[in-house]
Amino acid sequence: MSEDINLTKTLRERRIIFLLLVLAVAIPIIFPFSLKTHSTPLTEKAFNLIESTPAGSPVIISFDYDPSTVTELQPMAIAIIEHAWRKNHRIIAMAMWPQGSQMADMAFSEVQKKFGEEKVYGVDYVNLGYKPGGMVIIQTMGRNLKTVFPKDTAMNDYDSIPLLKNIKTIKDIKYVVSLSAGDPGLRDWIMTANGKFGIPVAGGTTAVSAPGFLPYVNDQNQLSGLLGGLKAAAEYELLLGYEGTASRGMNPQSIAHLLILALIVAGNIRVWRNRRKEKMAKEVNNG
Amino acid sequence: MKSKIPQLLAFLSGLVILVAAFIPHTPFGMFEETLTNWFMIISSFAILLGQSSLIQSNVAKITQKAPNWKYHIATLVSFGVMLIFGLLWGMENTPGILGQGEKLAESLGSKPFDYLFEYAFMPLSSTMFSLLAFYIASAAYRAFIMRTFESNLLLITAVIVMLGRTSFATILTSWIPDSLHFLRLPELTDFIMQYPNTAAQRAILISAALGVVGASLRIILGIERSYLGGEK
């Protein structure tokens with residue numbers, strides 16, 4: 001009987017928590033407000049890498065994620081493409097995750113709305129698509145890029161793409177940005193593209209996996225900047241001077257974080273009260 | 001013999017890759033190039049293997065009427081629909097067997113594969129990932145309880161970092177004078193992430209790397225044979 005009561009109470013509490021979370025996310029979306037964020041050194045480092053690379057440089061953006069993490073990583077992709085295009089970098093998109101290629105196409109279409117016909121496929125950007133193999137494909141790209149990607153996603157031959165004309169190996173690339181939701185991903189780029197070929201690598205990851213990459217941001221510049229989660233994407237938008245999906249998404253995320261903190265406090269009060277009750281009951285029983 | 005030949009192949013492949021890392025010249029460089037090309041080809045076949053395994057396991061569950069077998073039909077139908085649309089009209093710029101499917105793309109706004117990817121697969125995937133937030137909220141209420149010194153330390157750190165990662169962090173602690181700026185939440189968060197967290201992550205990384213070296217040597221030397229199947 002008492003177990004049934006506890007179960008009902010637990011279910012009721014859980015439903016209330018879920019409802020509160022829905023409200024915490026929905027209300028800031030329905031009634032948006034503006035909260036200022038500030039940029040952090042890790043985001044600024046990634047920004048400076050792109051900012052300091054000369055115009056016309058060929059660069060790689062690797063889309064190593066799928067739609068499950070699109071909320072955090074797609075705003076980063078859009079901001080980085082916009083920054084690279086503002087600096088007139090020529091972007092080579094590729095993917096080590098099967099759906100990464102579509103993520104790249106969607107990000108390019110989004111940024112293309114701002115740049116219009118100024119940016120031409122094959123000249124300013126190209127999508128080489130997905131290739132399985134993780135670290136090994138990066139190693140092979142160090143010998144010959146064409147071996148790994150003989151055609152782009154539109155089935156154009158490597159040699160017929162103007163952007164790739166003078167790019168033989170990954171050593172011709174000025175920097176790599178890996179937007180990574182797991183393995184294979186950023187770690188492979190750090191170990192191979194930076195460790196073996198000395199190419200500057202910056203990364204974007206989900207907030208939950210960002211702490212694992214912090215050791216690579218060191219004096220050796222194994223990682224030249226790290227964007228961790230939606231907040232970093234919002235910071236990047238701030239540095240570029242526009243308010244995009246990440247900045248707008250920060251409001252519900254911030255409110256949800258506050259709710260979680262409130263739940264931690266409420267949970268501790270609940271346990272403290274229960275302990276007090278038990279203690280008092282014991283004292284009464286002992287006489 | 002059945003296990004000796006694969007062991008010998010593993011030994012030679014491992015040795016060549018290891019030596020080529022230090023002597024990247026002929027013949028080791030050439031062997032390494034060939035082996036890495038083979039790896040890429042085998043990886044591609046792994047995708048095919050995954051698809052065949054998906055079909056086999058789902059068909060088996062449907063024929064055996066396993067619990068919730070109807071969901072497995074949904075999996076197979078979804079797989080079949082995406083596969084057929086992808087094969088017939090391709091995706092984005094990639095043409096399919098029937099070309100680019102301009103007429104269909106005109107009426108749907110995009111190719112059938114891309115349409116389903118954008119309006120079915122993407123929202124479903126994001127929804128699945130978002131469900132984590134509900135579990136985290138529930139766990140915050142139930143599991144993040146002050147009990148021992150360690151749990152208290154974890155709790156305090158988590159609260160600082162969580163709050164420091166919100167847009168409120170700056171507003172809440174902007175009143176702290178410049179002489180005590182390190183007590184502002186964003187800076188406190190950065191300190192926790194940069195020093196205690198990085199130190200612990202480095203220790204984990206180094207341990208994991210040593211573990212990988214050990215496991216690789218065991219495979220190369222034939223001590224670890226579980227990858228062959230059936231043996232320990």
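## Domains of chain B

Domain 1 of chain B puts seven residues in contact with six residues of domain 2 of chain B. On the domain 1 side of that contact, four residues are nonpolar, three are polar and none is charged.

## Confidence

The model has an ipTM of 0.86 and a pTM of 0.90. Chain B has a mean pLDDT of 90, with 99% of its residues at 70 or more. Among the elements of chain B, the highest mean pLDDT, 95, belongs to helix α3 (residues 69-89), and the lowest, 83, to helix α7 (residues 168-173). Where pLDDT is low, predicted coordinates should not be read in detail.

## Overall form of chain B

Chain B contains eight helices and zero strands. Read from the N terminus, the order of its elements is α-α-α-α-α-α-α-α. The radius of gyration of chain B is 27 Å, whereas the globule rule gives 17 Å for 232 residues, so chain B is more spread out than a compact globule. Along the principal axes, the C-alpha atoms of chain B fill a box of roughly 65 × 60 × 45 Å.

Chain B also has a cis peptide bond, between B:Thr26 and B:Pro27, with omega about 5°. B:Pro27 sits in the loop between α1 (4-22) and α2 (28-63) of chain B.

## Helix packing within chain B

Two packed helices are described by the angle between their axes and the distance between the axes. For α3(B) and helix α5 (residues 112-142) of chain B, the angle is about 140° and the axes are 8 Å apart. Angles over 145 degrees would count as roughly antiparallel, and α3(B) and α5(B) are therefore oblique to each other.

In this packing, B:Met82, B:Phe85, B:Gly86 and B:Trp89 of α3(B) meet B:Pro112, B:Phe113 and B:Leu116 of α5(B). By class, the residues of the contact are six nonpolar, one polar and no charged.

## Overall form of chain A

Nine helices and six strands make up the secondary structure of chain A. Chain A is divided into domain 1, formed by residues 2-31 + 250-285, and domain 2, residues 41-243. The centres of these domains of chain A, taken over C-alpha atoms, are separated by 41 Å.

The radius of gyration of chain A is 24 Å, while a compact globule of 287 residues would have one near 19 Å. The box filled by the C-alpha atoms of chain A, taken along the principal axes, is roughly 90 × 40 × 35 Å.

## Backbone details in chain A

The peptide bond from A:Asp183 to A:Pro184 is cis, and its omega is near 0°. A:Pro184 lies in the loop between β4 (176-180) and α7 (186-194) of chain A.

A:Asn88, a residue other than glycine, has a positive phi, near 60°. The position of A:Asn88 is in the loop between α3 and β2 (90-95) of chain A.

## The contact between chains A and B

Chain A gives 46 residues to the contact and chain B gives 48 residues. On the side of chain A that touches chain B, at least two residues come from each of α1 (2-30), α3 (70-86), α4 (100-115), α5 (135-141) and α9 (245-285) of chain A. The largest share of that side, 14 residues, is supplied by α9(A). By class, the side of chain A that touches chain B has 24 nonpolar, 16 polar and six charged residues.

## Helix α9(A) against α5(B)

The axes of α9(A) and α5(B) cross at roughly 30° and come within 6 Å. This crossing angle makes α9(A) roughly parallel to α5(B). From α9(A), the contact is made by A:Ala256, A:Leu259, A:Ile260, A:Leu263, A:Ile264, A:Ala266 and A:Gly267. From α5(B), the contributors are B:Ala133, B:Ile136, B:Ala137, B:Ala140, B:Tyr141 and B:Arg142. The residues of this contact are eleven nonpolar, one polar and one charged.

Technical notes:
Residues are numbered from 1 along each chain as its sequence is written. Chains are lettered from A and ligands numbered from 1 in the order in which they are written. This is a predicted model: local features need pLDDT of at least 70, side-chain atom pairs count only at pLDDT 80 or more; totals for chains, interfaces and linings use all residues. pLDDT is the predictor's confidence in each residue, from 0 to 100. Helices (H or I, at least four residues) and strands (E, at least two) are DSSP runs, numbered from the N terminus. Domain bounds come from an automatic or database domain assignment. Axes are lines fitted to C-alpha atoms, for helices over the stretch in contact, and angles run from 0 to 180 degrees between N-to-C directions. Angles under 35 degrees count as roughly parallel, over 145 as roughly antiparallel, 65 to 115 as roughly perpendicular and the rest as oblique. Two residues are in contact if their C-beta atoms, placed from the backbone, lie within 7 Å. Ala, Val, Leu, Ile, Met, Phe, Trp, Tyr, Cys and Pro count as nonpolar, Asp, Glu, Lys and Arg as charged, and the others, Gly among them, as polar. The radius of gyration is taken over C-alpha atoms; the globule rule is 2.2 Å times the number of residues to the power 0.38.
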